Amino acid sequence: MQFHHHGYVSGDPRVQPAAGRGVDRPTELPDETDVLVVGSGPAGMLLAAQLSQFPDVDVRLIERREGRLELGQADGIQPRSVETFQAFGFAERIMAEAYNIAYMNFWGPDPDQPDRIVRTARTEDYALRMSEFPHLIVNQARVLDYFAEAAVRGPGRVVPDYGVEFLGLSIDDAGAYPVAVRVRHVTGARAGEERTIRAKYVAGCDGARSRVRDAIGRVHVGAASAHAWGVMDVLVSTDFPDWRIKCAITSAAGSILHIPREGGYLSRMYIDLGEVAPDDDHRVRQTPIEEIIRRANAILHPYTIDVKEVAWHSVYEVGHRVTDGFDDVPAGVERDPRVFLTGDACHTHSAKAGQGMNVSMQDGFNLGWKLGHVVTGLAPASLLATYGAERRPVAQQLIDFDREWSALMARKPSEITDPQDLATHYLATAEFPSGFRTRYAASTIVGDDRHQELAIGFPLGMRFASVPVARVADGNVVHLGHHARADGRWRIYAFADAPPAGESSALAEFAEWLASDSSPVARHTPAGADVDALFDVKVVYQQRYDEIQLPLVPDIFRPRTGPLGLTDDEKVFAAAPSAWHDADIFDERALSRDGVVVVVRPDQYVAAVLPLSATDELSAFFAGALISR
């Protein structure tokens, strides 16, 4: 973590100095705002945290509740989400309080006594094989707390406006604030007061019953399945031997997905309530907790649970729906979007695959930096159309995956031909639920793949998969990707060709050009800003860290920043093995030894792969994504 570059910091360095709209931010909800976020769920709170890094953007978040969420429904945190937490600065702290899923066990009917269950398979959790970050279980309310902390500690000092209900909106596409939003204060001295707030953009993060979705005429496409599940967070006494291990359990009496939770004692159980009659009219949702517990015990036979306390419970029917559009632009109409949908407002599914909160947060991450770029004049408004173009296919993939997983979980024992097949499917499809299969198509912010062979391990349109490298300044081994914060900047990683620093090389020529007035850094960085305000440029050499002389490294990789003009020496890395780590990132990610440039978007997705000599192509890419200053 870097600080002191704006002067000595004696307090918590995670609290950034207030700037822009964050200085003397009004406590009362104003009549006009740049971005109005509706709903303080995972996508909404991440949006607030991201936009707080754009202090010149006036952003307000309204939430009907009187205060913070106290009991969250979602709890599964996939490795890609923990990567995101790391970018926002709280991965280590939330990991310390979460339950870490190390294994998943599978139970099924005993072949000799089918009315009893036996363990049929043990598997390592997939996170252990594909990420440096774990698969976690932690209360959604705590996730929101951490994002709220990141938002209020950012330069924009964003805090939710609680007790404000969204009523509706209209778009007149005239003036600086074309979206008129009707709201009602539901608590406090202004309770009952209705008013209109005008905004440049609105983000609907208001859940499955989204009023924002209704207001822009979007509809969910899909239907509920004829199957119901009870879910409960419980404290129990039990003789079930795998109570603190995630388990998928199938018996003649139904199925259970069992997930231990944070704290060492609490667990969540998804209990199969069976098929729902066509004329049920949602009466299954009134199933009492006593019946859910009875069913759980029947499925677990010969083991039992004695429930001491129920922290939360619910009944739901599995629904698989994707909204017909993720913004307010009707099909066939050519204009830039003004209103966006995220999370459950645009995709709903079962909770058993652990995707709802995770996919919602990636919706918010995708949209947040784009809104920040457009409102501050860094990028054209057309950039916002890429939000729906990128996220809607991901939502459809999620629905397809969840439908298959839900069907497997709901099978009867007579339908299971191989006791190992659920475990096999769990591991075979792991990249998708972990969050690592998302791949955005070529666009103005994802280049073509003509040079992909230069960096095979960094596929275009996929998230930048971090690898340890040695920091030249101090020899410490660090993860290259962990140096990138969710600060709205683009990353340009220059992987050097063979000659060392100070010698003539393709890298030296690239660095000279990148520091010139004709490069994207000069063309797009706002006037008067630090040289790395928009582009965070890093270099990775092939030599050992102790073979690289920092004074010989080009200045573009050692910029002088901040009011004191201090040199940043933490952008220079070595790939060769060190005393602390045996890996070489060139080998780990199949990078060309002739050098390669990898461009990464503010939301951590690979945007371009180019040779060091392809300066015209790099300029053209950024000319299509950003506005010249």
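In the predicted model, strand β21, which spans residues 490-495, pairs with β22 in the parallel sense over six bridges. Within this pairing, Ala494 stands opposite Val539 of β22. A further parallel pairing, over three bridges, links β22 to strand β25, formed by residues 572-574. Here Val540 has Phe573 of β25 as its bridge partner.

The accessibility of β22 was examined residue by residue. Seven of the seven residues in this strand (residues 535-541) are buried, and β22 is therefore largely enclosed by the rest of the structure. Burial in this context denotes a relative accessible area under 20%. In a regular strand, side chains alternate between the two faces of the sheet. Both faces of β22 are covered: Phe535, Val537, Val539 and Tyr541 are buried on one side, while Asp536, Lys538 and Val540 are buried on the other.

A separate description applies to the strands β3, β7 and β4. These three strands form an open sheet in the order β3-β7-β4, with antiparallel pairing. The edge positions are taken by β3 (76-77) and β4 (99-100), each of which pairs on one side only. Strand β7, comprising residues 136-137, runs antiparallel to β4 and is joined to β4 by two bridges.

Key
Residues numbered from 1 in each chain as written. Predicted model: local features only at pLDDT ≥ 70, side-chain atom pairs only at ≥ 80, totals over all residues. Heavy atoms only, no water. Pairing = 2+ DSSP bridges. Helix = DSSP H or I, 4+ residues; strand = E, 2+ residues; numbered from the N terminus. Buried < 20%, exposed > 50% of the residue type's maximum accessible area, 1.4 Å probe, protein only.
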